[in-house]
Amino acid sequence: MTSRWLALAVLTIARVSLGFQFQSLAALFPLLRQDFTMSYADLGFLMGLYMSPGIVLAIPGGLLGLALAATMIRTALHLLPDSMPRVSSISMDAKVVTFALLLAVATGILCSLAPAFAALRTNPSQGLKEGAGTGTGASSHSWLRSALVVSEIAVALVLLTASGAFLRSFQKMRAVDPGFRPDHVLIAEYQLPLNQYPNNPSVDIFDRAVLDRLAAKPGITTAGLTDALPSSGTIREATYTLEGVPAETWKVQFAMLPTTDGDYFHALGIPLLEGRFFTPEDRSNSPLVTIVSQSMAKHSWPGQSALGKRIHIGNPKKGLPWATVVGVVGNANFGPRDEPDVDEFYAPAAQHALFPPPGESGRLSNPSGGCIIVRSALPPDEITQTVRSAIAEIDPLLALQHVQPMDAVMASVESPRRFNTDLITAFALAALLLAVTGIYAVVAFSVSLRTQEIAIRMALGAQRAGIARLVLASGARLALLGCALGVLGSLAVSRLVRSFLFDVSPTDPLIYVEGVLIMLLLGLLASALPATRASSTDPGRALRAI
């Protein structure tokens, strides 16, 4: 009994102080087995001895991971899209911290079980003869280390190809023409109090005053008003009826219906393709007019000019007055650029007869609001105060909301796709780092085990360049096998990511080729340091250590 505990003490000192390999330490097991028995307490002590390094590494690793996670959460809160629900509630509480630490400790214990069981199966006499780091246990489990690294490489390649597809998809979306020019455009939203602006005439007076004030301000080129801003995600759709379509064959169809005032189309840079824009003469007492988008003109009157055609809001039974098409403009995206174009027809804000009447009293049921669009030769930030002062001169109590450049509006509506791209790219980079670290660790450990073999090869005439190529080839084999599995994994998950992509195939061969080349290059770089170390081995010193 005393000898067993003495052996356990020696084993502990050797493990902690001398840093022997697990399999070499197992060579001391005969001391425990001299009476051919091993109690459960002894076995538990040994298992604890082998698992203790994993736990010691897992706890600080878990704490470091929690610190990094807290930092990333604080950073991510500024990058997450505003449309994501409950963004402000994202935090790390005690349950999350406890779970993460327990998971880290469990991982450390699990990763320590393999060498522990390998040590129990090691032949003691053979372990003593072969010495530290060269026992059969170390080499017999090389397949497990290699398998884990190959798995890391495969997962990294799956994430890398997915990241490449997301990045290319985002680039394709950014390359889409939104149908207008967002540069040098400032927008400002407002909502008129119902008690002060209770009806359409009072709203029209305010709108005209805003346009007049802005036109008189220096630095402002053009200004317009609208109730539906492009690329903002605002949906203001309406059904419509085309003249000449029988009521019995009429089908429900929707189109965007923004109302505009002032130089709306000039301010946004929406091109005129046919006809004319709205003019100040398109008022409430003038003939009703409308402007349609190019897509609506093609869908509604294929092969014909849309000019002079008539349309009214709602179904044929509504009996609303007809509006004559006086212009055709380019298609403008009212949502993200990765969404298909929708038909649009525009109405002058002053021609209220186009819409159902608000009621017998003429009083509006909801507050009127809209968006001011200002184009300037100056940067948008430099005219922000000019716009605010112009509105204050009309109504000092009216507050402007979301005063920002048009570019910021587009970035906001496109932020979910940007967030998905950034997230998958971050995971891919983390996986690449783990894969490269794993390749380096396995190759470096393999070199340390084969030091005597390398020395013998060099003593027999092997060149240092050949030794380096041998080590590099071992790392390349791991990378190639991992890439093969990663390509299969990427093909398997391609259906899952297809719905998140825009104008890009998840199985694009170019993305796969780029991912494999990056992975192979990183695998060779990770093997370069162990290869250099192996090629610089001193054969004489290594052979004397046998």
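Trainee: Where is Met 406 found?
Mentor: A helix or strand here is a DSSP run (H or I over at least four residues for helices, E over at least two for strands), numbered from the N terminus. Met 406 is found in helix H13, which covers residues 406–413. Before we go on, two ground rules. This is a predicted model, where local features need pLDDT of at least 70 and side-chain atom pairs count only at pLDDT 80 or more, while totals for chains, interfaces and linings use all residues. Residues are numbered from 1 along each chain as its sequence is written, and side-chain values use heavy atoms, leaving out hydrogens and water.

Trainee: Does Met 406 count as buried or exposed?
Mentor: Go by relative accessible area: under 20% is buried, over 50% exposed, and in between partly exposed (1.4 Å probe, protein chains only). Met 406 has 0% relative accessibility, so it counts as buried.

Trainee: And what does Met 406 touch?
Mentor: Contact means heavy atoms within 4.5 Å. Skip residues up to four places away in sequence, and Met 406 touches Phe 180, Pro 182, Val 185, Ile 187, Leu 229, Pro 230 and Ser 231. As for C-alpha distances, Arg 375 is 31 residues away in sequence and 9.9 Å away in space.

Trainee: Which residues of helix H12 are buried?
Mentor: In H12 (residues 384–394) they are Thr 384, Thr 386, Val 387, Ala 390 and Ile 391. Those buried residues pack against S1, helix H9 (200–216), strand S2 (220–226), strand S11 (369–376) and strand S12 (401–405).

Trainee: Now helix packing. At what angle do the axes of H8 and H16 cross?
Mentor: Axes are lines fitted to C-alpha atoms, for helices over the stretch in contact, and angles run from 0 to 180 degrees between N-to-C directions. Under 35 degrees counts as roughly parallel, over 145 as roughly antiparallel, 65 to 115 as roughly perpendicular, and the rest as oblique. The axes of H8 (residues 142–174) and H16 (residues 464–498) come within 7 Å and cross at roughly 45°, so the two helices are oblique to each other. On the H8 side, the residues making the contact include Val 149, Val 150, Ile 153 and Leu 157, and on the H16 side they include Leu 478, Gly 482, Gly 486 and Val 493. Sorted by class (Ala, Val, Leu, Ile, Met, Phe, Trp, Tyr, Cys and Pro nonpolar; Asp, Glu, Lys and Arg charged; the others, Gly among them, polar), the contact of H8 with H16 has 15 nonpolar, six polar and no charged residues.

Trainee: What about H8 and H17?
Mentor: The axes of H8 and H17 (residues 509–535) come within 9 Å and cross at roughly 135°, which makes these helices oblique to each other, therefore the label. Among the contact residues are Leu 160, Thr 161 and Arg 168 of H8, and Tyr 512, Glu 514 and Met 519 of H17. The class count for H8 with H17 is eleven nonpolar, three polar and two charged residues.

Trainee: And how do H14 and H17 pack?
Mentor: H14 (residues 415–449) and H17 pack at an angle of about 30°, with their axes 9 Å apart. They are therefore roughly parallel to each other. Residues of H14 including Leu 432, Val 436 and Tyr 440 meet residues of H17 including Met 519, Leu 522 and Arg 533. That contact divides into 14 nonpolar, two polar and one charged.

Trainee: Last topic, rings. How many aromatic pairs does the structure hold?
Mentor: A pair of aromatic rings is described by the distance of the centres and the angle of the planes. Rings of Phe, Tyr and Trp (its six-membered ring) pair if their centres lie within 6.5 Å; planes under 30 degrees apart are stacked, over 60 edge-to-face, and the rest tilted. The structure holds nine aromatic pairs. Take Tyr 197 and Phe 206: the centres are 5.4 Å apart and the planes at 70°, so that pair is edge-to-face. Both Tyr 197 and Phe 206 are buried.

Trainee: Which residues do ring pairs link into a cluster?
Mentor: Tyr 264, Phe 265, Phe 277, Phe 278 and Tyr 346.
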